[in-house]
Amino acid sequence: MTAQGEQIVFANFSVSSGCILLERTTPDAMGGRVILLPIENLAVFKFTDTLSEKAIKDLGFHR
């Protein structure tokens, strides 16, 4: 969910310095599938599938 309250269902994502690139599962009303969002505009990042420990570490989290 973005800071503006928009929920974005995504199929894939990439993280860069200060930004996240989200690929939508279906196009939005204007036909867009890819969203570039500044990290500070991200309020919640929800995964609906279980993440592997490697994926969690790749995101920078450690147990």
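Leaving aside its neighbours within four places in sequence, with which residues is Arg-24 in contact? The residues in contact with Arg-24 are Glu-6, Ile-8, Val-9, Phe-10, Ala-11, Gly-32, Arg-33 and Ile-35, where contact means heavy atoms within 4.5 Å. The structure is a predicted model, in which local features need pLDDT of at least 70 and side-chain atom pairs count only at pLDDT 80 or more, whereas totals for chains, interfaces and linings use all residues. Residues are numbered from 1 along each chain as its sequence is written, and side-chain values use heavy atoms, with hydrogens and water left out.

Three strands form an open sheet in the order β1-β2-β3, with antiparallel pairing. Helices (H or I, at least four residues) and strands (E, at least two) are DSSP runs, numbered from the N terminus, and two strands pair if DSSP finds at least two bridges between them. Strands β1 (10-16) and β3 (34-38) are the edge strands, each pairing on one side only. From one strand to the next, the twist averages 20°; axes for such angles are lines fitted to C-alpha atoms, for helices over the stretch in contact, and angles run from 0 to 180 degrees between N-to-C directions.

The pairing of β1 with β2 (residues 19-24) is antiparallel and covers six bridges. These two strands form a hairpin with two residues between them, and Gly-18 in the turn has a positive phi of about 85°. In β2, Ile-20, Leu-22 and Arg-24 belong to the covered face, and Cys-19, Leu-21 and Glu-23 to the uncovered one.

Arg-24, in strand β2, is buried at a relative accessible area of 12%; buried means under 20% relative accessible area, exposed over 50% and partly exposed in between (1.4 Å probe, protein chains only). A polar contact of 3.1 Å joins the side chains of Arg-24 and Glu-6. A polar contact is a pair of N or O atoms within 3.5 Å; within protein, one must be able to donate a hydrogen and the other to accept it, and residues adjacent in sequence count only if both atoms are side-chain atoms.

Across the whole structure, a search finds three salt bridges, each a side-chain nitrogen of Lys or Arg within 4 Å of a carboxyl oxygen of Asp or Glu. Glu-6 and Arg-24 form one of them, with the closest N and O atoms 3.1 Å apart. Glu-6 lies in the segment before β1 and Arg-24 in strand β2, so this pair ties together parts that are 18 residues apart in sequence. Glu-6 is partly exposed, with a relative accessible area of 39%. Another salt bridge is formed by Glu-53 and Lys-57, whose closest N and O atoms are 3.8 Å apart. Both residues lie in helix α1, four residues apart, about one turn of the helix. Glu-53 is partly exposed at 43% relative accessibility, as is Lys-57 at 45%. Lys-54 and Asp-58 also meet through their side chains in a salt bridge (2.8 Å, N to O). Lys-54 is exposed, with a relative accessible area of 57%, and Asp-58 counts as exposed at 56%.

Five aromatic pairs are found in a search of the whole structure. Rings of Phe, Tyr and Trp (its six-membered ring) pair if their centres lie within 6.5 Å; planes under 30 degrees apart count as stacked, over 60 as edge-to-face and the rest as tilted. Among the pairs is that of Phe-13 and Phe-45, which is edge-to-face at 5.1 Å centre to centre, with 75° between the planes. This pair links distant parts of the chain, with Phe-13 in strand β1 and Phe-45 in the loop between β3 and α1, 32 residues apart. Phe-13 is partly exposed at 22% relative accessibility, and Phe-45 is partly exposed at 25%. Phe-45 also forms an edge-to-face pair with Phe-47, at 4.9 Å centre to centre and 70° between the planes. Ring pairs link Phe-10, Phe-13, Phe-45 and Phe-47 into a cluster.
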